[in-house]
2 protein chains.
Amino acid sequence: MFKSILVPFDGSQGAENALKMAVDLIKSGDGEGKLMILTVYRHHSMLEASLSMVRPNEPGNLDDVMREHATEVADHAKKLAKEAGCPNVHAFVSPGGVARTIVKFADKHDNDLIVIGSRGMGSVEEYLLGSVSHKVTGLSKRPVLVV
Amino acid sequence: MFKSILVPFDGSQGAENALKMAVDLIKSGDGEGKLMILTVYRHHSMLEASLSMVRPNEPGNLDDVMREHATEVADHAKKLAKEAGCPNVHAFVSPGGVARTIVKFADKHDNDLIVIGSRGMGSVEEYLLGSVSHKVTGLSKRPVLVV
């Protein structure tokens, strides 16, 4: 029943659980459903500036390294989804604050569902500390399935 | 794909949206899915004690009145779900704190999904103030779909 599902993926067990649930939802549909995977990485410009002062000959750019790592994580998720029988999968990476980047991405791509992993502790502590899944459910106007 | 879905229902627009989503999920399944509706009402023993002092001849019991109202709300949701084409619906009422009562109910009945309405403001204020849907996603170890 969902046409376009977004799964934010950070490589954690919770994210893998969310991916599995999203694949099941796509497979239970009419076969037209599209799965989008998003791995968000943080900008570290300040950290990078410091590094460039103490290690001026360091090759490359910290943001590039993080983007590469994020791409590997997103591609891994795409592979898992395809192996689980979901053909229509697309992987994306984006820099930024995690929750806001997810919500903006879903708005831009008009996803009709976000499936996201929780840390799964189920404790009052987790509720009080907050988590990305809490921020996304609080910020997004779209349906969010916390797995 | 879900066998037993719980929809906490308080009569709000958000709860009606959640109910509609749950009915769609049941209908997209194999026809074996069961929908459970739960309306939680608050105990008001202290309020009731005060009332009994100032209005000693007041007939009835405030908890009875609240239970009756909750039953009407839950039955209304059951009717809506049946009209929307979901035959296997059961309505329940329970006193207690809303979020904890929902989470305990889902554990007791082994629901494989909770579908719950948010206030839908999508604002930072709502995130900071918290809401029942936030508490349920934080406390429950089961998948929670916030609509």
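Predicted model: local features only at pLDDT ≥ 70, side-chain atom pairs only at ≥ 80, totals over all residues.
## Two helices in chain A

Helix 4 of chain A spans residues 98-109, and helix 6 of chain A spans residues 132-139. They pack at an angle of about 45 degrees. Their axes are 9 Å apart. An angle between 35 and 65 degrees counts as oblique, so helix 4 and helix 6 of chain A are oblique to each other. Their crossing is right-handed.

Which residues make the contact? Helix 4 of chain A brings A:V98, A:A99, A:R100, A:I102 and A:V103. Helix 6 of chain A brings A:V132, A:K135, A:V136 and A:L139. Seven of the contact residues are nonpolar, two are charged and none is polar.

## The largest pocket

The largest pocket has a volume of about 490 Å³. It is lined by 24 residues. Closest to its centre are A:F9, A:D10, A:S12, A:V98 and A:V132.

Several elements of chain A each supply at least two lining residues: helix 1, strand 2, helix 3, helix 4 and helix 6. The lining has 13 nonpolar, eight polar and three charged residues.

## The second largest pocket

The second largest pocket holds about 300 Å³ of space. Its lining has 18 residues. Nearest its centre lie B:D10, B:S12, B:I116, B:G117 and B:V132.

Helix 1, strand 2, helix 4 and helix 6 of chain B each give two or more residues to this lining. Strand 2 of chain B gives the largest share, three residues. By class, the lining divides into nine nonpolar, seven polar and two charged residues.

Conventions. Residues numbered from 1 in each chain as written. Chains lettered and ligands numbered in written order. Heavy atoms only, no water. Axes fitted to C-alpha atoms, helices over the stretch in contact; angles between N-to-C directions. Helix = DSSP H or I, 4+ residues; strand = E, 2+ residues; numbered from the N terminus. Parallel < 35°, antiparallel > 145°, perpendicular 65-115°, else oblique. Left-handed = near helix turned anticlockwise from the far one by under 90°. Contact = heavy atoms within 4.5 Å. Nonpolar A, V, L, I, M, F, W, Y, C, P; charged D, E, K, R; others polar. 1 Å grid on protein atoms, 1.4 Å probe; cavity = no way out; pocket = protein on both sides within 12 Å on 5 of 7 lines; lining within 4 Å. Points joined across faces, edges and corners; volume = space filled by probe spheres on them.
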